[in-house]
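Please read it alongside the sequence and coordinates shown below.

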Amino acid sequence: MAKYPTKKFDCWQLAKEMQRKTFEGVMTAREQGKILIAGSSGFQGCFLTGLAGADGFAFLSSEAYGGMLSANTELQKECIREVERRGYSPDLCSYMRNYWGSAFLNRSPWGEFPHADLYVQPAICDTHAKWTTTMAEYHGIPCFVIDVTEAMDFDKQGGHHKQYFIDQGLELIEWLEKHTGKEFDDERFIESVVNHQITSDLWAEICEMNKAVPCPMDQKSQYSLSNAIIREHHSPGAVRFMTLLRDEMKDRVAQGIAAVGNESCRLIHDNCPAWYALHIFRYMEKYGVVCVGGHYGMAFTSSWAYTEDGRLKAIKTVGYPGWQRPSNWEVALRVLVSGGGGGALLPDAGRKFTLGVARDWNINGALFHLNRGCEGWSRGRMEIIYALREMGLPTSTYEGSTGDMKDWNEAQVLNRIDSFMESLDLSRLED
Amino acid sequence: MITAGIDAGNQTVKAVILKDGAILGHSIAFVGADTEASAQQALDEALKMAGLSRDEVGKVFSTGAGRKLVSFVAGNATETTCDARGAVWLLPATRTVIDVGAEEGRAVRCDAQGKVTDFSVNEKCGAGSGTFTEAMARALEVSLEDFGQMSLGSQQNIQMNAQCVVFAESEVVSLIHAQTPKEDIARAVHDAIADRITSLTHMVGMEKEVALIGGVARNPGFVDALRRSLGCDISVPDDPQIVGALGAALMAAG
Ligand code: SF4
């Protein structure tokens with residue numbers, strides 16, 4: 001009999017339904033007379049809401065789409081092959097190659113490739129700008145790239161950096177108005193910024209509850225349930241979903257509901273996983289392992305801060321005593337470039353964040369995906385591993401790629417995991 | 001109690017028979033298309049050497065890349081775990097085990113009981129494995145045995161830049177055309193593998209004593225290169241290939 005009770009997430013179906021609706025919205029945008037805008041997920045959702053209202057546009061999140069193709073083993077192979085056939089290097093970002101392949105083949109999981117009307121892209125890693133400018137040239141459509149030189153860690157950069165972003169935000173508003181003929185609405189923008197803050201607060205709060213023993217949400221579920229904040233963190237729908245999930249997490253913690261019934265070892269897993277091989281998480285569960293989180297996932301759109309002694313904690317950026325709703329669009333824009341705390345792709349931020357998790361989330365070890373398919377999240381991972389080792393935490397690595405199965409050797413990865421489990425004194429509880 | 005360990009590797013299967021702290025028999029067989037049959041053959045040969053029949057053996061454990069393909073065993077454990085167990089049993093002062101086999105190079109740090117405390121594996125790059133030496137010996141048209149011995153006679157230190165088997169082979173050919181003595185080329189090849197293995201070893205935080213096991217440990221040219229690269233002495237047990245199988249036999253004994 002299992003040590004702890006387990007239960008599927010009640011809001012699982014809702015998460016799936018939201019995802020289905022988003023992609024349905026993308027595929028039917030034209031029929032519905034909506035503009036389809038593509039680009040990697042970021043704060044541009046707030047600008048687009050300011051422009052067209054939460055329901056007035058469809059947004060194709062290029063990373064969510066790239067991830068979906070990565071998990072689709074058949075289509076992935078064809079997309080990657082097509083991109084390489086056209087002479088692009090196999091060491092480019094695998095999400096991008098999948099996306100490009102899908103565009104070049106004019107094929108998606110639901111029919112034709114969803115051709116966007118505009119690209120709006122915050123360049124939070126080296127790949128992003130090239131991703132969309134190449135596609136915009138290929139499709140002959142306009143593209144706006146926001147230069148985010150320090151991977152969203154605006155607070156660290158101080159005034160100039162924020163101002164640089166704000167100036168680009170102003171340009172973007174003018175550009176969007178010009179290319180869509182629509183008028184930007186300050187109120188809608190402010191509303192979406194507040195929604196963005198609320199979902200960020202909720203996601204950090206949710207991930208913080210994973211400190212509990214047993215762990216209420218395994219990392220594989222975390223990836224699926226975080227989709228709403230990746231795609232539409234600025235929307236009222238995401239606020240509703242994250243509120244439901246937060247409440248459900250509270251219940252799970254109160255009732256001692258576990259993600260893994262025989263939890264006996266808690267690991268950090270970091271870097272984006274190989275989406276076509278998520279079964280490695282189930283494989284580890286057979287050893288009683290629950291992966292509780294990592295920088296990739298927990299630090300998505302989320303509100304974190306550090307205490308004076310360096311401890312990581314979820315914070316509230318909305319609704320605390322004395323909080324004031326942004327009074328105009330410029331204040332809202334400044335709010336948008338504040339907070340975050342996870343520092344997303346910055347290696348230093350990744351190390352600080354991961355050490356924070358290692359300290360307070362009851363962690364027994366860490367497993368890192370040495371991911372050939374993503375430069376952004378791979379930066380600085382070895383330094384994080386060394387920092388964890390210095391802390392005395394057992395770590396191990398496996399090689400692969402987020403979205404290119406050519407870089408995956410299942411037998412070797414499982415063998416590596418077996419070795420790591422044995423070194424942690426774990427044996428298989430079931431076969 | 002009599003136990004047996006089987007190490008089903010990529011090129012060979014090794015078997016060890018163990019009784020009350022003594023190795024009674026051991027064997028090495030090439031892996032054919034049927035791993036199970038090769039494992040059976042290796043076990044039979046080890047039993048023959050021990051003068052025992054199958055019925056007299058209690059538990060059998062397997063290890064190695066093909067460990068799950070051997071169905072007649074009571075349990076299995078990874079090479080990492082078995083290497084550490086076997087090496088510390090043979091050479092009790094060992095705290096770092098380096099295993100260089102046909103297709104993998106591995107560094108394992110362990111405690112006095114042979115329990116793994118950290119490990120690192122090179123599995124995707126040929127430059128950290130025996131296959132690399134074999135390919136380079138072929139390029140020089142010498143036997144693997146001569147290749148190892150030959151490098152000890154090298155008079156000058158030359159650098160090999162390529163770390164990939166394919167590119168290294170063409171570099172070796174260029175060196176031959178430049179009339180570089182074979183001894184120096186052999187040493188350069190061993191130095192290249194040794195440097196790769198050294199960086200793996202430093203990843204786990206090398207702790208003395210260091211033991212070298214696996215098929216490549218029988219190559220004196222590589223042993224010399226690794227000693228120089230690590231900057232310390234390394235111990236090589238008498239039968240370095242069977243240490244993983246020995247570890248499996250020890251696991252079977254409990
Ligand atoms: S390299 Fe990584 S972070 Fe950058 S676009 Fe690709 S998947 Fe995203």
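## Surface patch and conventions

Patches are made of residues with over 30% relative accessible area and no salt bridge, like charges being joined within 9 Å and nonpolar side chains (Val, Leu, Ile, Met, Phe, Trp, Tyr) within 5 Å. Accessible areas come from the Shrake-Rupley method with a 1.4 Å probe, and for residues only the protein chains shown count as cover. A salt bridge is a side-chain nitrogen of Lys or Arg within 4 Å of a carboxyl oxygen of Asp or Glu. On the surface, B:I23, B:W89 and B:L90 form a nonpolar patch with about 220 Å² of accessible area together. B:L90 belongs to helix α2 (residues 79-90) of chain B; helices (H or I, at least four residues) and strands (E, at least two) are DSSP runs, numbered from the N terminus. With 33% relative accessibility, B:L90 is partly exposed, where buried means under 20% relative accessible area, exposed over 50%, and partly exposed in between (1.4 Å probe, protein chains only).

The model is predicted: local features need pLDDT of at least 70 and side-chain atom pairs count only at pLDDT 80 or more, while totals for chains, interfaces and linings use all residues. Residues are numbered from 1 along each chain as its sequence is written, chains are lettered from A and ligands numbered from 1 in the order in which they are written, and side-chain values use heavy atoms, with hydrogens and water left out.

## Aromatic contacts

Rings of Phe, Tyr and Trp (its six-membered ring) pair if their centres lie within 6.5 Å; planes under 30 degrees apart count as stacked, over 60 as edge-to-face and the rest as tilted. Over all chains, 23 aromatic pairs are found. One of them joins A:Y296 and A:F300 edge-to-face, at 4.8 Å centre to centre and 85° between the planes. A:F300 also pairs edge-to-face with A:W377, with centres 6.2 Å apart and planes at 75°. This second pair links distant parts of the chain, 77 residues apart: A:F300 is in the loop between α14 (295-298) and β7 (304-306) of chain A, and A:W377 in helix α17 (residues 375-378) of chain A. Both A:F300 and A:W377 are buried.

## Strand pairing in chain B

Two strands pair if DSSP finds at least two bridges between them. In chain B, five strands form an open sheet of mixed pairing, in the order β3-β2-β1-β4-β5. Its edges are β3 (22-30) and β5 (75-76) of chain B, each with a single partner strand, so one side of each has no neighbour in the sheet. Strand β2 (residues 12-19) of chain B pairs with β3(B) in the antiparallel sense over eight bridges, and B:I17 has B:G25 in β3(B) as its bridge partner.

Elsewhere, strand β6 (residues 96-100) of chain B runs parallel to β9(B), joined by four bridges. B:V97 stands opposite B:A211 in β9(B).

## Salt bridges

The count comes to 42 salt bridges over all chains. Among them, A:R381 meets A:D270 with the closest N and O atoms 2.3 Å apart. The two residues are 111 residues apart, A:R381 in helix α18 (residues 381-390) and A:D270 in strand β5 (residues 265-270) of chain A; both are buried.

B:E104 and B:R106 form a salt bridge at 2.5 Å, N to O, and both are buried. A network of salt bridges links A:D418, B:R67, B:K68, B:E79, B:D83, B:D99, B:E104 and B:R106.
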